[in-house]
Structures are given as C-alpha cells and as structure tokens.
Amino acid sequence: MGASDPEVAPWARGGAAGMAGAGAGAGARGGAAAGVEARARDPPPAHRAHPRHPRPAAQPSARRMDSANGGLGSGDNAPTTEALFVALGAGVTALSHPLLYVKLLIQVGHEPMPPTLGTNVLGRKVLYLPSFFTYAKYIVQVDGKIGLFRGLSPRLMSNALSTVTRGSMKKVFPPDEIEQVSNKDDMKTSLKKVVKETSYEMMMQCVSRMLAHPLHVISMRCMVQFVGREAKYSGVLSSIGKIFKEEGLLGFFVGLIPHLLGDVVFLWGCNLLAHFINAYLVDDSVSDTPGGLGNDQNPGSQFSQALAIRSYTKFVMGIAVSMLTYPFLLVGDLMAVNNCGLQAGLPPYSPVFKSWIHCWKYLSMQGQLFRGSSLLFRRVSSGSCFALE
C-alpha cells in the first residue's frame with residue numbers, strides 16, 4: 001500500500017471525492033435534461049437558442065456550492081470535518097493494522113512456519129507459504145490477540161499528522177476552482193488542468209509524507225521486533241531518543257526517497273492514465289434527438305453511462321498502478337529497518353544496504369521485488385531454500 005496518510009494510497013483518498021463529484025455532475029445533467037424537454041414542448045422565445053442546440057448551463061464550482069449549502073467544505077464546519085476525517089482514518093488504520101503487520105514481516109523475509117505441499121490449477125505439486133490468516137493465527141499464539149496491534153500507536157499518530165497536514169495546506173494554498181467537463185471535446189483539451197491538479201496533489205502528498213515519515217519509521221521498527229523478540233523500541237518518545245542518539249537526524253528519514261518516488265510515480269501514472277482513458281476511450285456521443293441527450297425512452301442515459309464509467313476509471317487505474325509501484329514501497333520499508341540494531345535488519349535476514357539503490361538491485365537479482373505483495377496464495381519461488389521432497 002503505498003501512500004497518502006502514509007499507509008493509505010492516494011487513489012483511495014481521491015476515489016471517494018472523485019466519485020462524489022461525478023454523482024453531483026450526473027444530477028446536474030439530469031436537471032439539464034428535464035429543462036431541455038420542457039423547452040422542446042413549448043415554442044422557444046426569439047431571444048433563446050433553438051431547443052436542438054441549447055446553450056450549455058454554467059455549473060457552480062464545488063467551493064461555491066459548499067459555501068452556499070453549508071457543506072463539508074464550508075468554513076464553519078471545517079474543524080469538525082477535519083476531526084471527522086482524522087477519527088475515520090484512525091478507525092480504518094486500526095482495522096487494517098494486522099494486515100500491514102503481517103505484510104511487513106513477510107517483506108523482511110520472516111517465515112517462521114514451513115511451507116505446505118499443494119497443487120496448482122494444472123495439477124502440479126507446488127509449495128505454498130502460509131497465508132495471511134495462518135500467519136496472523138501464529139502471531140496470536142505467540143503474542144496473544146493484542147500482539148496483532150504491535151506498532152499501532154505511532155502509525156495512528158503518523159496518519160493523523162498526515163491528514164492534518166493536508167488539511168492545513170489546503171487552507172494555506174487553496175486549490176483553484178474546478179469546472180465540470182461537459183463533453184468529449186472538453187476532455188481532450190483538459191490535459192493542462194489534469195497536470196495542474198496532479199502537481200497540486202503531489203505537493204501536498206510529498207509534504208505530508210516528509211512530516212509523517214519519522215513516525216512511520218518508528219512504527220516499522222516496533223513491528224519487526226517480533227522477529228528477534230527485542231524490546232528496543234517501545235514508546236514513541238523513547239524511540240525518538242534512541243534514533244536521534246544512534247543515527248542522528250537522518251535516522252528519522254531512512255527510506256523516505258523510495259516512498260516519495262513511489263508516491264510521485266503513482267499520482268502521475270494514475271491521473272494521466274485515467275485522463276487519457278476518459279478522453280479517448282469513453283464514448284459519450286449521443287443520438288440525434290431533441291437536446292442531444294439520448295433517446296425518448298431514456299433521456300440522458302448515454303451521459304449517465306459515460307459519467308458512471310469515468311467515476312470508476314481513476315479507482316481502477318489506482319489499483320493497477322499501485323501494483324507497478326509496489327517495489328518502491330518494499331524498498332522504503334526495508335530501508336526503514338535496515339541496520340538499526342534489530343535482527344530483522346541484519347544478516348542473515350538482510351544484508352546491510354549502503355543505499356536504497358543497493359537494496360533495489362539486491363532484491364532485483366534475487367527476484368524479490370514483489371515480496372509480500374500477495375498475502376493469500378504465496379508460492380515458494382524458485383530461488384527459495386525450500387524444495388520439494
């Protein structure tokens with residue numbers, strides 16, 4: 001998972017807002033369709049446009065709608081909304097923490113249970129490593145149920161800091177008003193707007209990542225202590241003192257560069273792919289009917305279908321691009337725990353890496369750049385020490 005609140009991917013954050021915006025646009029277009037039908041039934045006045053070629057109605061911006069209706073973006077409700085997002089993010093983080101915990105232990109190469117023999121879809125015998133549920137059950141046997149939430153406190157603080165930082169930046173550097181795109185031609189000419197929006201989102205993501213990364217490092221190190229049963233990193237304040245004393249200020253930012261690169265590649269890849277797909281592959285051409293809004297039985301149906309497709313394009317692209325940028329997440333997490341005095345970051349689990357590029361090359365030669373990306377069906381790789389009997 002790579003990104004936003006440092007553990008929440010940017011497509012997950014922006015997906016809800018994007019789909020909500022698409023829904024609002026669909027409602028506005030539905031109202032426009034009703035108006036066009038009314039004008040088609042009555043003779044148009046001389047000063048009005050012909051009903052077959054209506055003048056496009058100006059749509060209010062999101063900012064003006066929030067101010068007028070007292071929505072979530074209004075000034076009076078801003079503190080309450082921000083607190084709501086922090087609380088919601090904390091709940092999601094707590095629920096998903098066991099998943100991230102198991103993923104991190106797999107990323108550092110900790111496999112305490114032997115693989116089991118099974119068969120693939122072709123009927124061939126293969127070795128499967130324990131799935132997430134088996135691994136989680138093992139952690140409960142060793143540390144109890146509370147053990148599944150090791151390292152949760154600094155992670156909650158990291159995500160809360162990231163959310164507050166993004167909210168504060170939006171107040172200091174408010175985004176420009178976004179105009180709704182009304183047809184395919186507008187989509188083709190909106191690349192400049194996409195670049196501007198992505199640059200703004202990239203700035204917020206990079207600043208929030210840098211501020212929250214020290215807490216992310218502490219959370220990672222608290223979790224990998226399970227490997228060697230250490231207790232070096234316990235509380236947040238004591239961990240800050242240990243890192244500063246042993247590694248200096250730079251110790252809080254180990255693994256930051258690959259995380260930032262992953263965020264940047266993710267944002268640009270996801271937004272540009274979604275834009276080009278929406279602009280050139282989603283067809284919103286309409287039949288020759290009054291108002292150009294579909295057929296008589298279902299006016300506006302084609303616009304609604306195009307809007308529905310566009311609302312999910314960015315979400316789907318986010319999933320695809322996140323798979324491609326996973327190596328950045330893996331390298332960043334490994335660097336956060338490498339050579340920090342814990343068994344998980346030292347040989348034989350891991351060599352001492354000179355830089356994140358050294359780590360990337362090592363994983364690439366071992367064929368392990370996607371280690372931990374799957375938590376359900378984990379086959380033993382050809383380079384593993386396990387072998388079939």
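Biologist: In which loop does Asn-339 lie?

Modeller: Helices (H or I, at least four residues) and strands (E, at least two) are DSSP runs, numbered from the N terminus. Asn-339 lies in the loop between α11 and α12. This is a predicted model, in which local features need pLDDT of at least 70 and side-chain atom pairs count only at pLDDT 80 or more, while totals for chains, interfaces and linings use all residues. Residues are numbered from 1 along each chain as its sequence is written, and side-chain values use heavy atoms, with hydrogens and water left out.

Biologist: Is Asn-339 buried, exposed or partly exposed?

Modeller: The classes rest on relative accessible area: buried is under 20%, exposed is over 50%, and partly exposed is in between (1.4 Å probe, protein chains only). Asn-339 has a value of 45% and is therefore partly exposed.

Biologist: What is the phi of Asn-339?

Modeller: Most residues other than glycine have a negative phi. Asn-339 has a positive phi, near 55°, and is not a glycine. Another residue with a positive phi is Arg-229, at about 55°, and it too is a residue other than glycine. With 45% relative accessibility, Arg-229 counts as partly exposed.

Biologist: Which residues does a cis peptide bond join?

Modeller: Most peptide bonds are trans. Here a cis bond links Pro-347 to Pro-348, with an omega of about 5°. Pro-348 is placed in the loop between α11 (326–337) and α12 (356–366).

Biologist: Where does a kink lie in helix α7?

Modeller: The bend at a residue is the angle between two fitted axes, one for the seven residues ending there and one for the seven starting there. Helix α7 covers residues 191–228 and has a kink of about 45° at His-213, shortly before Pro-214.

Biologist: Is the crossing of α5 and α7 right-handed or left-handed?

Modeller: A crossing is left-handed if the near helix is turned anticlockwise from the far one by less than a right angle, and right-handed if clockwise. α5 passes α7 in a right-handed crossing. The contact of α5 with α7 contains twelve nonpolar, seven polar and four charged residues. Nonpolar covers Ala, Val, Leu, Ile, Met, Phe, Trp, Tyr, Cys and Pro; charged covers Asp, Glu, Lys and Arg; the others, Gly among them, are polar.

Biologist: How many salt bridges are there?

Modeller: A salt bridge is a side-chain nitrogen of Lys or Arg within 4 Å of a carboxyl oxygen of Asp or Glu. By this rule there are seven salt bridges. In one of them, Arg-209 meets Asp-263 at 3.0 Å, N to O. Arg-209 belongs to helix α7 and Asp-263 to helix α9 (residues 256–280), so the pair ties together parts that are 54 residues apart in sequence. Arg-209 counts as buried because its relative accessibility is 1%. Asp-263 is buried too, with a value of 2%.

Biologist: Which residues do salt bridges that share partners join into one network?

Modeller: They are Asp-143, Arg-150 and Arg-229. Asp-143 and Arg-150 meet at 2.7 Å, N to O, and the closest N and O atoms of Asp-143 and Arg-229 are 2.6 Å apart. Asp-143 lies in helix α4 (residues 132–143) and Arg-229 in the loop between α7 and α8 (236–247), so this pair ties together parts that are 86 residues apart in sequence.

Biologist: How far apart in space are Val-227 and Leu-342?

Modeller: Their C-alpha atoms are 8.5 Å apart, although 115 residues separate them in sequence. Val-227 is in helix α7 and is buried, with a relative accessible area of 9%. A further pair is Val-108 and Arg-371, 263 residues apart along the chain, with C-alpha atoms separated by 8.7 Å. Val-108 is found in the loop between α3 (78–107) and β1 (116–119), and it is buried at 3%.
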